Amino acid sequence: MMILEKRQQPSPIWSLATPVLAVILTMICGGLLFATLGKNPFETIRTIFLDPLFSEFAWYYRPQLLIKGAPLVLIAIGLSFGFRAGIWNIGAEGQYIVGAICGAAVGLAFYPANSALIFPLMVMAGALGGLLWAMIPGILRVKFGTNEILVSLMLVYVAEQLLASMALGALRNPEGMGFPGSRNLSQYPSAANLELIAGSGMHWGVVAAFVAVIFAYITLSRHVFGFQVRLSGQSPRAARFAGVNPGLLVLICMGISGALAGLAGLFEVAGPAGQISIDFNVGYGFTAIIVAFLGRLHPVGILLAGGLMALTYIGGEIAQSNLGLPGAAIQLLQGMLLFFLLAVDVLTHYRVRFGKVGVA
Amino acid sequence: MTMKSVLAGATLALGLSTGAFAQDTTKVGFIYVGPVGDGGWSYEHNQGRLALEEHFGDAVETVFVESVPEGADAERVLTQMALQGADLIFTTSFGYMDPTLNVAAKFPDVKFEHATGFKRADNLSTYSARFYEGRAVQGHIAGQMTESNIVGYIGSFPIPEVIRGINSAYIHAKAVNPDVEFKVVWAYTWFDPAKEAEAATVLIEQGADVILQHTDSTAPQAAAQAAGNVITFGQASDMAAFAPLPRVSSIIDNWSPYYIARTQAVIDGTWTSTDTWDGIGPGMVKIGEISDAVPADVKASAEALRDAIASGEYHPFTGPLNKQDGSVWLADGETADDGTLAGMNFYVEGLSGVIPQ
Amino acid sequence: MDLSSINPVLLFASLMVAATPILLAAIGELAVERAGVLNLGVEGMMITGAVCGFIVAVNTGSPWLGFVGAAVGGAMLALLFGLLTQVLLSNQVATGLALTLFGLGLSALMGQGYIGIKAPGFPDWHIPLLGDIPVIGPIVFQHDPMVYMGLALVGAVWAFLKYSRTGLILRAVGENHEAAHALGYHVIRVRVLAIMFGGACAGLGGAYLSLVRVPQWTEGMTAGAGWIALAIVVFASWKPARLLLGAYLFGGVTVLQLNLQAAGLAIPVEYLSMSPYLATIAVLVIMRAGRAPGSLGQSFHASR
């Protein structure tokens, strides 16, 4: 019989080896899947995982990895604080939407004025919008003990309806021939979040993501707040004795994750997406939850996990276009990758032994 | 050398290599907003792509990417197709307008075709279908088939495309049945079977015995079938599985003739940027077989109306027509201009209710 | 505007049908959450059930076998979730989200080749005697069997949780898995079985869409119904009886707003559509968190 025995400390070797193991397992199972679909498994795997990095057109795909990965990393970093402390904000999608709406509304209010102040104001509005939206489940938990997982999830649907209302109503482009959707912010110089160096993929959102990673790394490893977060997650009782105010911690963690999700939404709407539309949100908020776990809630891990997710998106598109692979096969492969990454993590925290149940 | 000139240089080099390839096969790309299995909008565009492959055989290679979100993802997929040597790319959703414009500017040698949009460039055409012509035929049948004199209409979003369809159907229903009344509900979705079924049921409960839909799923057909004595029309695809009742006819998006003609133009080197808005005549809008549930005389007059529209002899928006508020829109014999139709945001006289803003 | 055209009895009858798919999925998820497991992959299990049910029904010609196939398909996908979260102790939130992604992809691949086909018919039941009651009979007692199956399942789960010994064990496992373990119950086994039951129910709900409501297969046809099911469980404060209320409220708001629109009333659709979610949050606040199963969402590992 197989027994799992909890390790005193997570194994550092396994925590590095498990992601590699998961990717290899995904490649094997994915290869089998592609073979049954009548595609060459080796070519398909190479196209998805390597072509974005090393093919003839990698000079185009590499910057795209930054654009696709930045919102995921930015949101996931914010979420990781709460997740470490046992505070489960799974409504980042809603905070992302509200951040985008608030930021875009500020930008559109100034249209067509020209000022260097507009973009910074939008950034503030975006962060504030996400923060306030996240405060709702935060305050409800602190005041009434309401489960924040469920409240934050419910608020995603509310935000989606709000988005539809904005795209059809208040923020609709008056020159858009009656179609839903706002003016294109990326064509409004004062509000646009364009590439800082053309062709590099670096826009303010990417910069913010990198800054967030560094900030999170320092906070978690060096600052007392990081210690409080980790302690609260491991032992809430001990944290209370150590003087952690649990209510305040909830509000701070929700606030950080909400503000970063709002920022991600603002940078997306002002740059790559360009406009508020009914389907503006494409699930970054939910994917970021997965990214946070794949990265083991560690800032550097999240950075790598965000990159890996972006890779499968971009590689998946290349495989669809060049090899005629169905889009559904890519979704399935991503699902598999996540399953394997989640499954093998058990090796980091537990020792596998074979034999009879012994006495501890 | 700056990043920008690297990009430009690479694009240029690629343009040359594309030119060399073009002698053998022409590569045509498609991007779809939904999955090709949606049975509606994206499905029909993909049928057009398959017809293209059938027609040209080895002379044309097609590629496609499905379920591409509008925005940054679309721009990336388009760029990727252009980089991989596509000669012609069809972008098949309104939301791809700005991404297509951006990518078209970067790849002057690649031809782009954007569906349902209004922004054009030297290498970017737009195309759309005059679905309202098909709606006229539906209205004509609906007006004569209804016994309760209530026609239910499931709208998706209050945008010109949908409003045009409602007006067109209403005008032609009214012409054959002065007592007809339209009940419009907005589902705020293009595709949500559960909601569409509910919308159809609600309309039927409120007395409608004809359901017109501008959403893509077959759920309203099933709801009508369950209720009995209600007729419907297929939308986007034929929905023939529900014939002869409740589905008595349909509007089919038929992109094949256009896709074949435009690809031929690229092969011949005669492609130019245009704005195409085709209807029943050129075959972009097809009227599905009118089933035997429709009396022979109604069927004959509906087909006559279809043929008159196809030949250009009759325009579905011909005066005298007033707007909902009673003000004159078109004088006697006057026909609507395309500009007004493209941005249509008002109901014609006789329709009740307000368009949500 | 003519509100008299809205018939309340008819409205209720259509509600019974409209609520069925989410009710089926929600009653399964309720049992899962009462066992202390949060499975956010309802949407993925629903759509997998929808496609499995459709394939079986089309190939055998029997909608009944289709529903069986849907339940098996949903349960199999749920078993994968159970294996990951219960045996390999992965995080439930992340695994559930991954399950939805996986299910959407899997169903789309399985459904290739089934597009544009209609499912075999599933006739309505005319319940003897009850169906003959004037006015109410034809409306409440002449639906298809799955409508009553959904209601029966809710009743069965209610009775199971309240009166059966196994139900008590399930609740104990959900409230405090350490204590349940100390009492000698197999926490993991109970949870895996609950998860599979939840998957089977979600599968049935999905198949109700693909076999009765639409009835065709199209990719992504559940269109978010699984997420609504999750909301309803919360709204119901994990109580089966309130689940009915929740399902009718959520379905009712949609049906009502469509009715008001059809009656010619100009209403802000988006804001009305938000209202059930806001109501759910209000219910959560009023009920306090104490009502949620104590071990909801936590992994269990027997240390001894």
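What radius of gyration does chain A have, and what would a compact globule with 360 residues have? Let's start there, keeping in mind that we're looking at a predicted model. For 360 residues, a compact globule would come out near 21 Å, and chain A has 22 Å, so the two agree. As for what's inside, chain A has 15 helices and two strands.

Okay, on to chain C, and how it meets chain A. The contact involves 36 residues of chain C and 36 residues of chain A. On the chain C side, the elements that give two or more residues are helix 4 (92-111), helix 10 (225-235) and helix 12 (269-287). Helix 4 of chain C gives the largest share, with 12 residues. And what sort of residues make up that side of chain C? They split into 24 nonpolar, nine polar and three charged.

While we're in chain C, have a look at helix 11, residues 240-262. Helix 11 of chain C does have a kink, though: about 25°, centred on Gly252(C). Then, just after helix 11 of chain C, you reach Gly264(C), which takes a positive phi of about 95°.

Last stop, chain B, and here we get a sheet. As a quick reminder, strands of a sheet pair through backbone hydrogen bonds, either parallel or antiparallel. So which is it in chain B, parallel or antiparallel? The pairing is parallel, in an open sheet of six strands with the order 2-1-3-4-5-11. At the edges sit strand 2 (60-65) and strand 11 (275-278) of chain B, each pairing on one side only. Going from one strand to the next, the twist averages 20°.

Zoom in on one pair: strand 1 (residues 26-31) and strand 2 of chain B run parallel over six bridges. Ile31(B), for example, has Val65(B) in strand 2 of chain B as its bridge partner.

Helix 4 of chain B, residues 97-106, packs on it and touches strand 3 (88-91), strand 4 (111-115) and strand 5 (124-129) of chain B. The direction of helix 4 of chain B makes about 170° with that of strand 4 of chain B.

That's my tour, thanks.

Technical notes: Residues numbered from 1 in each chain as written. Chains lettered and ligands numbered in written order. Predicted model: local features only at pLDDT ≥ 70, side-chain atom pairs only at ≥ 80, totals over all residues. Contact = placed C-beta atoms within 7 Å. Helix = DSSP H or I, 4+ residues; strand = E, 2+ residues; numbered from the N terminus. Nonpolar A, V, L, I, M, F, W, Y, C, P; charged D, E, K, R; others polar. Expected span 1.5 Å × (residues − 1). Bend = angle between axes of the 7 residues up to and from the residue. Pairing = 2+ DSSP bridges. Axes fitted to C-alpha atoms, helices over the stretch in contact; angles between N-to-C directions. Rg over C-alpha atoms; globule rule 2.2 N^0.38 Å.
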